[in-house]
Amino acid sequence: MSQDPTVVLALIDWWRLAENFLILSAISMGGPLILLPEMRRFLVVEQGWITNEQVTASVALAQSAPGPNVLFVALLGWNVGMNAGSYWTAFFAAMLSMICMMVPCSLIVYGAARWVQQNAHKLFVRAFKQGMSPVVISMLIASGWTLATAGTELQADWPIWLLSAVTVGLVLWGKIPLVLLIAIGGALGALGLLGGV
Amino acid sequence: MSPEPRKAPGSVRELFVFFSLLALQGFGGIIAFIEKGLVQNKKWMTREEFLEDWAVARTMPGPPAINMGIIIGSRHFGARGAFAAVLGVFLFPSFLVLGLAVLYSSFGHLPEVSNALRGMGAVAAGLLIATGIKLLTALPSNVMGLRVCAVLVVVTFVMIGLLHMRVAYALFGLGGLACVYAYRCLGRHRAADPASSRKDRGQS
């Protein structure tokens with residue numbers, strides 16, 4: 001583990017943190033995780049506020065916690081604030097980052113949603129929805145596929161693959177609540193039945 | 001479109017509670033929970049309608065699952081509804097995840113923890129794939145026809161899932177072409193059958 005940097009944040013730095021997320025928010029087409037390299041460049045390379053390990057841990061933690069994955073942005077802010085001194089700066093930086101990441105894109109989507117609703121009957125709006133549908137479905141499947149297979153090999157990690165496959169079957173043909181499936185997966189993992197570290 | 005009567009959220013508060021509960025259950029992404037909650041449990045929309053909104057949510061900036069909340073909230077209660085949905089998705093999970101961040105710094109090194117997270121990740125991956133497969137069942141009513149849809153699904157999967165190309169290429173490149181094609185199909189549809197297009201317009 002590398003040493004976390006100690007950071008001093010001046011007022012202008014708080015603004016830079018906010019501004020960075022405000023801009024990224026407006027261009028986060030396809031989801032905020034796509035912009036992770038940008039965030040890493042700004043926070044780690046340019047400002048030196050957090051380490052690469054803290055970025056990776058933030059994403060992993062947000063993905064394994066309940067709630068939207070975009071909460072990794074709050075954790076990035078949390079780490080910046082922790083390196084700057086206390087739980088209070090951490091909490092403030094987390095909230096600031098999260099709010100700045102959500103406000104611009106939410107306003108854009110709200111405007112677009114109203115517009116789409118008012119023009120729902122127009123030919124090009126319907127064409128947009130119909131044309132995009134197969135692509136966005138496939139992207140959902142592909143992101144599940146990537147999540148299931150990233151960093152694994154069939155020979156060594158077949159229990160993990162099997163668990164993902166069984167989950168697909170249970171969701172499609174079973175009546176088990178989704179959250180229970182997650183809990184079962186966690187328990188199987190903790191018991192060491194899936195291999196791993 | 002299905003003839004059964006559609007339900008709707010009764011109040012802004014119900015919307016807030018709905019999204020809060022989903023977000024608190026949604027490990028590894030909440031879209032699987034939103035789909036099941038909206039289409040199967042609450043029956044606020046059909047799978048076809050969900051897919052149409054998802055197409056918009058996925059192409060706009062921001063997290064698609066939260067964009068779904070904004071679209072649905074604003075449809076029923078305007079800006080208040082959109083705000084309630086977003087607040088519901090974020091409020092409790094943000095505190096939870098910050099609490100976990102504190103715990104993680106003390107327990108994250110335990111092998112049981114990382115192995116449990118691996119197991120939960122594998123299930124979350126399965127949930128995403130299953131949700132995608134469920135949405136595939138809405139494609140037969142697509143104006144482009146099943147064969148073109150199948151080609152689009154396969155090509156997108158190869159681009160992103162297997163070749164790990166940038167999402168933007170699939171979304172705006174391939175998706176853009178598909179929209180142009182869908183536009184032509186809809187135009188042909190309308191020319192061939194003016195009565196059905198009038199009915200479509202009356203519905204919306």
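**How chain B meets chain A**

Across the interface of chain B and chain A in this predicted model, 12 residue pairs turn up in polar contact, with both partners at pLDDT 80 or more. The largest share comes from α5(B), with 25 residues. Sorted by class, that side of chain B holds 64 nonpolar, 26 polar and 10 charged residues.

In a salt bridge between B:Arg118 and A:Asp157, the side chains meet at 3.3 Å, N to O.

As for overall extent, 100 residues of chain B are in contact with 86 residues of chain A. The size of an interface is often given as the accessible area lost when the parts come together. Here, the area buried between chain B and chain A is about 8300 Å², and carbon and sulfur atoms give 78% of that. In chain B, the residues that lose the most area to chain A are B:Pro61, B:Leu98 and B:Arg118, together 8% of what that side buries.

In an unreviewed entry, UniProt places the feature "transmembrane region" at residues 15-34, 82-104, 116-137, 144-163 and 169-186 of chain B. Residues 82-104 of chain B are 100% helix and 0% strand, with end C-alpha atoms 32 Å apart. For residues 116-137 of chain B, the end C-alpha atoms lie 32 Å apart, and the span is 95% helix and 0% strand.

Key
Residues are numbered from 1 along each chain as its sequence is written. Chains are lettered from A and ligands numbered from 1 in the order in which they are written. This is a predicted model: local features need pLDDT of at least 70, side-chain atom pairs count only at pLDDT 80 or more; totals for chains, interfaces and linings use all residues. Side-chain values use heavy atoms; hydrogens and water are left out. Contact means heavy atoms within 4.5 Å. Buried area is the accessible area (1.4 Å probe) that two parts lose on being put together, summed over both. A salt bridge is a side-chain nitrogen of Lys or Arg within 4 Å of a carboxyl oxygen of Asp or Glu. A polar contact is a pair of N or O atoms within 3.5 Å; within protein, one must be able to donate a hydrogen and the other to accept it, and residues adjacent in sequence count only if both atoms are side-chain atoms. Helices (H or I, at least four residues) and strands (E, at least two) are DSSP runs, numbered from the N terminus. Ala, Val, Leu, Ile, Met, Phe, Trp, Tyr, Cys and Pro count as nonpolar, Asp, Glu, Lys and Arg as charged, and the others, Gly among them, as polar. UniProt positions are given in the numbering used here, feature names are shortened, and annotations may be inferred rather than shown by experiment.
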